[in-house]
Amino acid sequence: MGATVSCCMSPGGSPKLARRAVELDDYPITTTGDDVSEDTGTYLQHISDREVPDELAQESNPSDNARASTIFLNKSQTDGKCVTSPGLSKKYSSCSTIFLDDSTVSLPNLKSTVKCVTLAIYYHIKNRDSNRSLDIFDEKIHPLTREKVPEDYYSVDPEHKLIYRFVRTLFSSAQLTAECAIVTLVYLERLLTYAEMDICPCNWKRIVLGAILLASKVWDDQAVWNVDYCQILKDITVEDMNEMERHFLELLQFNINVPASVYAKYYFDLRSLADDNNLNFPLEPLDNQRATKLEAISRLCEDKYKDLGKVTIRRSLSADNLVGVRTTHAVLS
């Protein structure tokens with residue numbers, strides 16, 4: 001990520017197309033030892049020294065602590081207006097038909113998740129506190145396109161459809177997953193909290209691009225290289241992508257960890273946001289094939305937990321269950 005030996009600088013393409021081995025022996029890492037003085041050697045900071053204090057995570061960082069409320073859900077409830085137009089009527093299960101959606105916390109629906117994430121970004125921009133920004137994310141200084149933009153582009157809030165088209169293009173071209181979209185939103189809110197900045201019309205594209213770039217590298221096993229994003233966004237350079245990625249990581253204090261509890265919180269808050277704005281996840285009636293599959297999975301999980309219970313649980317004996325109690329003669333001295 002911006003280092004001398006990095007996938008960012010490779011002209012060969014993405015590892016999704018081809019992998020290239022790197023000899024680690026040519027780039028040794030120097031660590032401190034007992035026989036190394038303070039003036040010599042390279043000091044490698046322990047990861048625990050770089051973690052955010054628990055007090056800060058508890059109070060103001062929902063991206064670090066699962067008990068803190070997400071920022072986008074609070075902002076979406078400030079005005080109480082629905083952004084999206086009401087679509088088809090919501091389907092409800094009955095005695096004869098059960099409707100289920102194909103989105104779960106472990107395997108979310110891609111299209112619906114991207115819509116919810118872009119709606120959360122829209123509320124961030126619309127209900128921002130101020131216009132605090134940094135030069136590295138300012139499109140006036142680092143434009144993403146050479147085309148002439150409207151004069152009011154940097155002062156008018158973008159519509160939800162515009163944000164959705166921008167994110168959808170990146171996800172479809174780079175073949176990213178729905179889980180990556182959720183992690184993108186986590187990194188975005190973590191950036192706004194750590195750097196004490198706002199996402200506004202002049203910086204939202206570069207902030208979202210940086211969050212997607214980092215989330216795809218952290219989440220996907222075969223990440224997309226920076227040069228591949230330059231093929232999607234024709235007018236941006238690899239050097240600009242590398243510089244933005246380095247600044248993004250520094251502002252995050254290199255904290256790219258996303259606990260499972262935080263991920264689950266963001267997923268269910270996105271579901272709540274979808275319900276409040278008529279973004280219903282696609283529902284399908286439960287058929288015999290899907291019911292049989294769910295029953296098989298349920299039985300497999302039930303048998304698994306039964307086997308674990310036999311190993312871990314120790315049952316105590318009661319006096320009612322004692323059979324054939326033996327009596328011994330007391331020895332008096």
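Here are legends for an overview and several close-ups of this predicted model.

Local features are taken where pLDDT is at least 70 and side-chain atom pairs only at pLDDT 80 or more, while totals for chains, interfaces and linings use all residues. Numbering runs from 1 along each chain as its sequence is written, and side-chain values use heavy atoms, with hydrogens and water left out.

**Overview. The protein has eleven helices and two strands.**
Going along the sequence, you pass through α-α-α-β-α-α-α-α-α-α-α-β-α. Helices (H or I, at least four residues) and strands (E, at least two) are DSSP runs, numbered from the N terminus. Of the 333 residues, 38% are buried; that label means under 20% relative accessible area, with exposed being over 50% and partly exposed in between (1.4 Å probe, protein chains only). Take the contacts between residues at least 6 apart in sequence: 82% of them join residues at least 24 apart. A contact here is heavy atoms within 4.5 Å.

**Close-up 1. Trp219 and Tyr263 are one of seven aromatic pairs in the whole structure.**
Their ring centres sit 5.8 Å apart with the planes at 10°, so this pair is stacked. Rings of Phe, Tyr and Trp (its six-membered ring) pair if their centres lie within 6.5 Å; planes under 30 degrees apart are stacked, over 60 edge-to-face, and the rest tilted. Trp219 belongs to helix H7 (residues 204-219) and Tyr263 to helix H10 (residues 260-276), so the pair ties together parts 44 residues apart in sequence. Trp219 is partly exposed at 39% relative accessible area, whereas Tyr263 is buried at 9%.

**Close-up 2. Tyr267 and Phe268 make an edge-to-face pair.**
Centre to centre, these rings are 5.1 Å apart, with 75° between the planes. Tyr267 is buried, with a relative accessible area of 4%, but Phe268 is partly exposed at 48%.

**Close-up 3. Lys115 lies over the face of Tyr164.**
Lys115 is 6.0 Å from the ring centre. To count as over a ring, NZ of Lys or CZ of Arg must be within 6 Å of the ring centre and within 35 degrees of the ring normal.

**Close-up 4. Asp64 and Arg190 meet in a salt bridge.**
The structure holds seven salt bridges, each a side-chain nitrogen of Lys or Arg within 4 Å of a carboxyl oxygen of Asp or Glu. In this one the N to O distance is 3.2 Å. Asp64 is in the loop between helix H2 (54-60) and helix H3 (71-79), and Arg190 is in helix H6 (residues 178-194), so the pair ties together parts 126 residues apart in sequence. Both side chains belong to buried residues.

**Close-up 5. Lys75 forms a salt bridge with Asp129.**
The closest N and O atoms are 3.9 Å apart. Lys75 comes from helix H3 and Asp129 from the loop between helix H4 (110-126) and helix H5 (160-174), so parts 54 residues apart in sequence are tied together. Lys75 is buried at 14% relative accessibility, while Asp129 is exposed at 65%.

Glu295 is partly exposed, at 42% relative accessibility.
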